[in-house]
Amino acid sequence: MRNISMLSVSFAMEAAGVPLSEEGILDLLRGNINGTEDMVLLPEMCLGNAISKPGDFFLSGISELAAEKQCYVLASVYLQISDTTHTNSAILFDRHGETAFCYNKMYPYWNEFDRTDSAVIPGDRAVFADTDFGRVSAAICFDANFSDLWQDMADLDTELVLFTSAYSAGRQLSAHALNHHYAIVTATRKPDFAVYDIDGKELTYHRGNCGQILLSRARIDMDKVICHHNFNRDKLNALLKDYPREIELEHDYDREEWCVIRSMSTEISAKALCREYGIEPLRDYQRRSRNYIHSVRGHLPVRPIQV
C-alpha cells in the first residue's frame, strides 16, 4: 500500500462570476493546501488565454508554494516560447519548487490555432518525472482523443497520469487506464474531478456547478499490480499463501484472465513482492509479447493477406 493524497482544484474561466486572477489562484491554493497533500492539480489554461513566461509572477508563485507546502503542483498555462509563439503546457513543480517536467500539449484543439497575436506550437513527445511515489506523466484535454500519446506514456512506464482539461473525457480516460494500466486523475474547467484506477474503474467523481470552484480530495493507492493469469498462477498462489493477511487479490477478472493485486499493509509493497516472486505485470507481459512477435515477423517472409 502506497497511498498518496491528491487535491484537485477545478474551476471554469470565471469562478462565482468573477474572473480568477493570478493572485486569486495563488490565494486559493494558499488557503486550501493544508500540508498533507502529495499532489495538487489545476485545470487546463488556468489563467485563460493569458500567456505566461518562465519565472514570471504566477509561475514563480506556484514554485514557491510547492516548496513551502512540500508538495507537487501541476499548473497548466499557455507558455511563451518566442515573441510570436507559445505552447499549451502543463508544468509540474516538485516538493522543492523545481521544475520536474514541462509537458507541451501534443494535440491542441482547433480554436487554439486561431490566435493572431501568437501561434500555438504542438508538443512532440510524452514526458515523465520520477517522484517519491512513482513515475508521473501528463496529458491535456484534446489529447484524450489520440491513443499514440497514451501508448507512449505506457512505454515510459508511467504509473500516474495527470489530466488537466477543459472537458471531462469520461470513458475515454477509463479506456486509457484500462488499456495501459496506470491511474489517472483530473482537474477540469467543467468543473469536475475524477480518479480512474489501473483497471479502468472510475473510483471517484465529483461535479460542481457552473461558476463554482470545486475542491476535491482523494487518496490513490500507487502500489497495485495487474497481472495476466498466463505464466503467473503458480507464483501468485505461492505469494498469497505466504502473505495471506498482507496481500489481497482485489479483483480477479475471469473473462479477461487477469487480476489486480494490492497490499493491505503500509510496510509491505505489492510491487516489490511481485518482483521477488517473478510475477510479471500485464503491461510488461504485453510489451514482451509484442517485441517478440515483431522480431519474428521481421525474420519471416511477408505474405499477402488473403481476403
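Tyr277 is buried, at 19% relative accessible area. The cut-off for buried is under 20%, so Tyr277 falls inside that class. These values come from a predicted model. Aromatic pairs in the model number 9.

**Tyr107 and Phe146**
- Tyr107 and Phe146 make a stacked aromatic pair. Their centres lie 3.9 Å apart, with 15° between the planes.
- The pair connects distant parts of the chain, 39 residues apart.
- Tyr107 sits in the loop between strand S8 (99-104) and strand S9 (119-120).
- Phe146 sits in the loop between strand S11 (134-140) and helix H3 (147-155).
- Phe146 has 26% relative accessibility, so it counts as partly exposed.

**Tyr243 and Tyr277**
- Tyr243 and Tyr277 form an edge-to-face pair.
- Tyr243 is partly exposed, because its relative accessibility is 22%.

**Aromatic cluster**
- One aromatic cluster is formed by Tyr107, Tyr109, Phe142 and Phe146.
- Tyr107 and Phe146, both members of this cluster, are the stacked pair described above.

**Charge over a ring**
- Arg135 lies over the face of Phe128. The distance to the ring centre is 3.9 Å.

Terms used
Residues numbered from 1 in each chain as written. Predicted model: local features only at pLDDT ≥ 70, side-chain atom pairs only at ≥ 80, totals over all residues. Heavy atoms only, no water. Phe/Tyr/Trp six-rings, centres within 6.5 Å; stacked < 30°, edge-to-face > 60°. Helix = DSSP H or I, 4+ residues; strand = E, 2+ residues; numbered from the N terminus. Buried < 20%, exposed > 50% of the residue type's maximum accessible area, 1.4 Å probe, protein only. Lys NZ or Arg CZ within 6 Å of the ring centre and 35° of its normal.
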